[in-house]
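Hi everyone, thanks for coming.

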Amino acid sequence: MRARALELLVFTVGAGTLGSEMAAARLLAPWFGDSTIVWANTIATVLVALAIGYSVGGRIADRNPHPSGLAKIVLIAAALLAAVPFIADPFLPLAVKAVDQLSVATFAGSLVGVGVLLAIPLFLLGIVSPYAVRLSVEAVEDAGHAAGRLYAISTVGSLVGTFAASLFLIPVVGTRRTFLIFALCMAVCAIPHLVKGRLPAAVVPVAILALIAFPTGSIKTLTSNGGEVIWEKETEYQYARVVEYDDGTRYLELNEGHAVHSVYTEGEWLTGAYWDEMLSLSYAGAEAPKSVAILGSAAGTTARQFGHFAPDTRVDAVEIDEEVTKVGQELFDLKDQPNLHLHTADARPWLQKQTRKYDAIMVDAYHQPYIPFYLTTKEFFALAKARLNPGGVLVVNSAHPEGSTALEKVLTATLRTSFGEAVWRSDSGPTNTHLIATVDPEADPAANLTATAESQPADLADTLTDSASRLEPGLRGGTVYTDDIAPVEWLTDLSLLEVA
């Protein structure tokens, strides 16, 4: 029975270790995003902490080969793991602020964030496997069998923890309670191994159980300029919130909150921001667009603009996060329009399946500060061109660190593999540059915008004219990205460091 109890403890610790890793990446996402950089830092921190724990654990086990010693270590680790999401509440905003003030890349911020939150409990959990092997070995002849069996059990537990966290716990009970549930399971499994003091030790699982029942409350309550959070949710893909200000303007913030992905003011359609540029550049084809696909529509600012200025234009608004589309309908006046079609899908697979062609395709799908790599490659741009009508245009919003053109050059070079020299740029803000590519190599987008403006309402006509005045040939010097090699995160972080 003692052997089976030890195996159960090893299994539970394995599940808690990998389950906590999944939850940690989710915990960081609202502040640093969920790029491969953040995942790499999370995995690296886990591996380093476990490696040190393995090394130290073997020595501790040799000095004190008693089950109660192992149980105490697991109880301490469980208590610390349960504290992680509560420490994160005040710590991660400070980490983000420090990154902003020092202009350090996401790599450093996420590395520090993961390290401070997880290193100690994961170090303690790393002690468990070698300690358990030492307790299981009764004779030298059995050492290999005991070690192999326990490490296999631990690995199976890790597999269960990974899928339990990602497929069930995080979506159903949330990130905070995922940490608490794994901590509770480990604490409960540790108590039977105590020789003395089981009753006092029971305080740990009881306290964790109480925290599980405690309301989670707001994930991020801090706002700037006196804004009020009127809606927030940790969706399947990201943390999202809507901030409303005294003048009634609403902003949709995703993940880290540094970038606004949709804006709404009742009775107004032009925003004075980059969405107006996206709208106007879609008119740069041979004529005003009769069909538009918006890849990354968020809460529908651009789709709503089309509903007002071009109600007869078919708009296919594609957004991967259904919850973001729903809040657009509820709080951003994204009402059902006869020619508005909402799609919950990932941008590129959705475009791949389409047989319809469009006068304009607009790419605005990114998680600040990263664009998904598969929307930056020559294969994607070739696909986009194949879905455009003759005379059609592709508009790409290139978000970038202020003062950096590295990503823009890469996107421009990659666009030219499909569109030749028919690629232009419009520098519409310190962190936004719009790129436009035309199917017709002889097209003159600036002239088309100016001509189209004559038949549009005055406010839209001014926007079209302003866009025409900013258009200039695309930059030179970028590397062509492919589906095989497209280091967007690396390029972006290097750009942040360069700007710093």
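Let me start with a question: are H5 and H6 oblique or parallel to each other? Before I answer, please keep in mind that this is a predicted model. Helix H5 covers residues 143-173 and helix H6 covers residues 175-190. Their axes are 8 Å apart, and the packing angle is about 135°. An angle has to be over 145 degrees to count as roughly antiparallel, so H5 and H6 come out as oblique to each other. As for handedness, H5 passes H6 in a right-handed crossing.

Helix H13 spans residues 378-386, and it packs against H14 at an angle of about 45°, with the two axes 8 Å apart. H14 itself runs over 406-419. Angles under 35 degrees would be roughly parallel, and H13 and H14 are therefore oblique to each other. Here, too, we have a right-handed crossing.

While we're here, have a look at some side chains. The charged end of Lys385 sits over the ring of Phe419, 5.6 Å from the ring centre.

Next, the aromatics. How many aromatic pairs does the count come to? With ring centres within 6.5 Å as the criterion, the count comes to 7 aromatic pairs. One of these is Phe380 with Phe381: the ring centres are 5.5 Å apart and the planes meet at 55°, so this pair is tilted. For anyone wondering about edge-to-face, that would take planes over 60 degrees apart. Phe380 and Phe381 are both buried.

Let's turn to strand E9, residues 388-399, and find Asn397 in it. Is Asn397 buried or exposed? Its relative accessibility is 2%, so Asn397 counts as buried; the cut-off for that is under 20%. What does the side chain of Asn397 contact? It makes a polar contact with the side chain of Asp364, at 2.9 Å.

My last stop is the loop that links E9 to helix H14, where you'll find Thr405. Thr405 has a relative accessible area of 30%, so this residue is partly exposed.

Methods. Residues are numbered from 1 along each chain as its sequence is written. This is a predicted model: local features need pLDDT of at least 70, side-chain atom pairs count only at pLDDT 80 or more; totals for chains, interfaces and linings use all residues. Side-chain values use heavy atoms; hydrogens and water are left out. Helices (H or I, at least four residues) and strands (E, at least two) are DSSP runs, numbered from the N terminus. Buried means under 20% relative accessible area, exposed over 50%, partly exposed in between (1.4 Å probe, protein chains only). A polar contact is a pair of N or O atoms within 3.5 Å; within protein, one must be able to donate a hydrogen and the other to accept it, and residues adjacent in sequence count only if both atoms are side-chain atoms. Rings of Phe, Tyr and Trp (its six-membered ring) pair if their centres lie within 6.5 Å; planes under 30 degrees apart count as stacked, over 60 as edge-to-face and the rest as tilted. A charge sits over a ring if NZ of Lys or CZ of Arg is within 6 Å of the ring centre and within 35 degrees of the ring normal. Axes are lines fitted to C-alpha atoms, for helices over the stretch in contact, and angles run from 0 to 180 degrees between N-to-C directions. Angles under 35 degrees count as roughly parallel, over 145 as roughly antiparallel, 65 to 115 as roughly perpendicular and the rest as oblique. A crossing is left-handed if the near helix is turned anticlockwise from the far one by less than a right angle, and right-handed if clockwise.
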